[in-house]
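Reader: Could you take me on a close look at a single part of this model, and then at whatever else is worth a stop along the way? I'd enjoy one connected walk through it.

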Amino acid sequence: MAGERVRWGVLATGGIAGAFTADLIDLPDAEVVAVASRTEESAKAFAERFGIPRAYGDWESLAADEEVDVVYVATPHSAHRVAAGLCLEAGRNVLCEKAFTLNSREAQELVGLAKERGSFLMEAMWMYCNPLIRQLKALVDEGAIGEVRTVQADFGLSGPFPPTHRLRDPAQGGGALLDLGVYPVSFAHLLLGEPSEVMARAVLSDESVDLQTGMLLSWESGALASLHCSLVGGTSTSASVTGSEGRIDIPSGFFHADRFVLHRDGRDPQEFTASAADGTQASLKHEAIEVMRCLTAGETESPLVPLDGTLAVMRTLDTVRNRVGVTYPGEAAPL
């Protein structure tokens, strides 16, 4: 890295890439030095929008840019294996959007590549880096609500999405599960780890991707998680974790939480809120800060978003897709 600043490259120019880059350029220790797209026109337009000095019309050039310390991969998840793989092969560090890959096999390949090269790799699970979610997890781990019994979480969009939309395109890993369901599943994993059993039902589209999926996860401790994702109905995006001695509720927007309420038996409810600096509009910056902290410290993975945890989430998503009968082009069935 050059001096104390971390030099970022951005791979892809869609909505999430723009949101992340907007937060990056507000961080004093970050410098966005390059962007790549499949077309030079798109890359140049993005570069002009954010004042980025170098724009590439192909991914390989960004991966080969030795003045880039870390690449943020913001393609659809169907391209994550190829895009992140190119960067890791070239010796770049990588922050890769979620869902991390299409399946656990691809995820394991990326993790293997990173370890082989000694490069940093992290899934862009911004929820895990959110200070309020970190505080919630600490309370649960400290026993504030006793032994965890149940977790509930939902994430649904009202749509409707036409058949041509990427969310309904099997070739782009379409469906509610990988785009939205990854959040409820990751929330349950954060609090309870990998489940011992997974049950699921789904409503499939004509293109054979899931329009909505319900999941029931169970653990040997007796804990259960009831999770839901949807492309056909806007849900409250709420979450809760209930223990033997209390409950924590996130009333809405659990994946970028700015408020939660702790209920404990025999006590008044206690509300926790984000500071102005930690508000939902700035939440993406926390994952960038964590990446830069790791790189400065010479760490190859983040303790907040560990690679073993990412692999476990991908295994659960694989199992859900097996249960509901969703496979993508080029995959073996069952996974």
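Author: Just after H9, Gly 298 takes a positive phi of about 75 degrees. Do keep in mind that this is a predicted model. Stepping back into the helix itself, H9 covers residues 284-297. Its 14 residues should span 20 Å at 1.5 Å a residue, and the end C-alpha atoms are 21 Å apart, so the two values agree. H9 is largely enclosed by the rest of the structure, because 10 of its 14 residues are buried. Among them are the charged Lys 285, Glu 287 and Glu 290, along with Leu 284, Ala 288, Val 291, Met 292 and Cys 294.

Cys 229 is in no disulfide either, with the sulfur of Cys 96, its nearest, 20 Å away. Both Cys 87 and Cys 229 are buried, each with a relative accessibility of 0%.

One more stop is Glu 123, in strand E6 (residues 121-123). Glu 123 is buried yet has no salt bridge, and the nearest side chain of opposite charge, Lys 98, is 7.2 Å away. What the side chain of Glu 123 does have is a polar contact with the side chain of Thr 310, at 2.9 Å. Beyond its neighbours within four places in sequence, Glu 123 is also in contact with residues including Leu 95, Cys 96, Phe 100, Val 182 and Val 305.

Definitions and conventions
Residues numbered from 1 in each chain as written. Predicted model: local features only at pLDDT ≥ 70, side-chain atom pairs only at ≥ 80, totals over all residues. Heavy atoms only, no water. Helix = DSSP H or I, 4+ residues; strand = E, 2+ residues; numbered from the N terminus. Buried < 20%, exposed > 50% of the residue type's maximum accessible area, 1.4 Å probe, protein only. Salt bridge = Lys/Arg side-chain N within 4 Å of Asp/Glu carboxyl O. Polar contact = N/O pair within 3.5 Å; in protein donor to acceptor, adjacent residues only side chain to side chain. Contact = heavy atoms within 4.5 Å. Disulfide = S-S within 2.5 Å. Expected span 1.5 Å × (residues − 1).
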